[in-house]
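I open this notebook to record what I looked up in one structure. The entries follow the order in which I consulted it.

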Amino acid sequence: MHVGVIGTGYVGLVTGVCFAEMGNNVTLMDIDEGKIQDLIDGKVPIYEPGLEQMIARNVAERRLSFTTSLELTIERSLINFIAVGTPPDGNGNADLSQVFEVAGNIGRAINTYKIIVTKSTVPVGTTAKVKEIIAAQTQHPFDVASNPEFLKEGNAIDDCMKPDRVVIGVEDVRVGEILKELYSPFVRTGKPILVMDVASSEMTKYAANGLLATKISFVNELSRLCEKVGADIEMVRIGIGSDPRIGPQFLFAGIGYGGSCFPKDVDALVQTGAQYGVSLKILEAAQEANKMQRKHFMDRILAHYDGDSLSGKLFAIWGLSFKPRTDDLREAPSLELINFLLDQGARIRAFDPVAMENAGKILGHGVEFAPGNYECLEGADALIIVTEWNEFRHPDFDKIKSLLVQPVIFDGRNIYNPKRMIDRGFYYYSIGR
Ligand SMILES: NC(=O)c1ccc[n+]([C@@H]2O[C@H](COP(=O)([O-])OP(=O)(O)OC[C@H]3O[C@@H](n4cnc5c(N)ncnc54)[C@H](O)[C@@H]3O)[C@@H](O)[C@H]2O)c1
Ligand SMILES: O=c1ccn([C@@H]2O[C@H](COP(=O)(O)OP(=O)(O)O[C@H]3O[C@H](CO)[C@@H](O)[C@H](O)[C@H]3O)[C@@H](O)[C@H]2O)c(=O)[nH]1
């Protein structure tokens with residue numbers, strides 16, 4: 001099939017390449033000329049394991065091309081996905097300006113029948129609005145559909161190539177059949193392609209993120225209680241996660257969720273509720289608990305120094321990206337933590353396997369970056385673990401101890417065993433144990 005993807009950000013790039021990998025002819029379009037030129041030159045703008053090789057292969061096999069021309073994309077492609085950003089607008093709503101701008105451009109570009117699919121995460125009613133905007137610009141026939149994306153950064157290719165489910169929202173069953181055909185090579189036995197109405201499809205995306213964020217906030221709140229009562233949140237996690245009604249995933253306590261989706265999507269769903277007079281208290285509480293969790297971690301750092309100023313202290317930070325296996329720093333807890341410590345007069349030296357370049361652009365000169373995780377520790381007063389990259393999981397603890405001025409570790413991701421850390425002679429602070 002001929003597929004166009006409008007918006008070559010994280011989602012556009014990964015899903016577009018996966019469509020190509022399945023044998024479709026894919027045109028990836030973006031208004032960012034620098035990004036498209038980089039892709040044409042073989043440079044991949046994001047870090048995602050396996051993506052660079054997959055792009056190179058599909059370009060070489062002539063299934064994948066890049067352009068800044070929307071007209072060319074639409075002309076070539078029967079199915080066109082809108083995958084532009086829907087960032088927060090400052091009031092908690094999704095800013096849909098990119099989506100609506102693209103819809104207008106599509107309306108002016110259409111010259112034969114096309115299917116226009118919202119792949120971006122958009123509030124209920126947006127796909128209908130996209131239809132209106134296009135219809136106002138063209139007499140040519142077209143259909144709209146909703147097809148939200150559920151990939152996770154760091155595991156994006158696997159999530160796309162082997163989805164747990166595909167959700168398709170349509171007004172016309174024939175459009176559902178075409179999109180089912182596009183997706184059928186991706187679907188493994190037992191994993192459904194769910195065709196539903198457009199509003200339910202749009203809502204499904206927000207419901208999934210809302211529930212996952214709530215799960216994390218639930219364990220994070222309990223982790224704070226575990227600290228008080230002497231329970232271990234890791235044991236509790238295993239204890240509850242083995243009940244299939246609860247499930248083992250997304251129950252890891254930490255320093256709060258971040259990333260480009262959970263914070264903004266939970267806010268946007270709460271706002272949708274407010275617009276319709278439905279108060280979504282659980283989601284509001286999930287966001288509140290997330291903020292409290294980050295603050296709690298900072299308070300624990302302050303508490304260790306028992307009221308002493310942090311001024312002049314040097315903190316070594318391991319991990320900057322909002323999660324491992326990505327260089328994405330959108331809503332990363334590291335940024336809030338580092339800014340808090342800088343405000344207290346502390347100095348920061350950080351190491352991240354892939355996110356330091358992006359972090360440098362955001363944090364500027366206030367932060368020193370180390371070439372490796374051990375170099376990061378030299379002369380530091382404490383180590384703070386923010387992102388659970390695999391390379392941090394089994395370090396040389398004697399080396400850590402010899403490099404730090406004081407053997408103090410604040411672990412925001414519970415990657416070490418507390419008892420063993422105490423036996424090794426560390427002051428070791430983790431979450432909920
Ligand atoms: N990042 C994720 O992990 C993820 C996962 C699932 C769903 N989503 C959703 O997918 C959507 C895209 O997210 P993202 O992280 O890829 O965003 P992004 O900000 O990385 O990328 C958006 C891209 O759209 C381009 N763009 C903006 N206006 C355009 C226009 N008029 N024409 C063509 N291109 C234009 C931008 O230049 C940018 O490259 C969002 O709605 C997001 O919520 C994201
Ligand atoms: O048990 C857990 C799991 C995750 N997190 C944190 O939650 C955030 C989000 O993690 P994750 O969901 O793995 O990454 P994303 O790439 O943000 O993916 C989420 O957001 C995407 C965009 O909507 C969706 O497509 C995905 O299904 C959804 O998982 C990160 O800060 C994680 O550290 C925890 O604290 N504890």
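**Entry 1: Val 14 and the cores**

I looked up Val 14 and, leaving aside its neighbours within four places in sequence, found it in contact with Glu 48, Leu 51, Leu 151, Ala 156, Ile 157 and Cys 160. Two residues are in contact if their C-beta atoms, placed from the backbone, lie within 7 Å.

I note that this is a predicted model, in which local features need pLDDT of at least 70, side-chain atom pairs count only at pLDDT 80 or more, and totals for chains, interfaces and linings use all residues. Residues are numbered from 1 along each chain as its sequence is written, and chains are lettered from A and ligands numbered from 1 in the order in which they are written.

I then looked up the largest nonpolar core, which has 73 residues; Val 5, Ile 6, Val 14, Ile 82, Val 99, Ile 106 and Ile 116 touch the most other members. Such a core is a set of buried Ala, Val, Leu, Ile, Met, Phe, Trp, Tyr and Cys residues joined through C-beta atoms within 7 Å. Helix 1 gives the largest share of this core, eight residues. Helices (H or I, at least four residues) and strands (E, at least two) are DSSP runs, numbered from the N terminus. Apart from this core lies another, of 39 residues, among them Phe 322, Ala 380, Ile 384 and Tyr 428.

**Entry 2: ligand 1**

I found 26 residues around ligand 1, the closest being Gly 7, Gly 9, Gly 85, Ser 120 and Thr 121; a residue is near a molecule if its C-beta atom, placed from the backbone, lies within 6 Å of it. Helix 1 (10-21) and helix 5 (97-109) each supply at least two residues of this shell.

**Entry 3: annotated positions**

In the unreviewed UniProt entry, the annotation "binding site" covers Asp 30, Lys 35, Thr 86, Thr 121, Glu 153, Lys 264 and Arg 330. These are spread over 301 residues of sequence and, in space, up to 24.3 Å between C-alpha atoms. Such annotations may be inferred rather than shown by experiment.

I located Thr 86 in the loop between strand 4 (79-82) and helix 5. Is Thr 86 buried or exposed? Thr 86 counts as buried because it has 25 C-beta neighbours inside 10 Å; the cut-offs are 20 or more other C-beta atoms within 10 Å for buried, 12 or fewer for exposed, and partly exposed in between, with C-beta atoms placed from the backbone.

I located Lys 264 in helix 11 (residues 262-275). With 23 C-beta neighbours inside 10 Å, Lys 264 counts as buried. Leaving aside its neighbours within four places in sequence, Lys 264 is in contact with Pro 87 and Pro 88.
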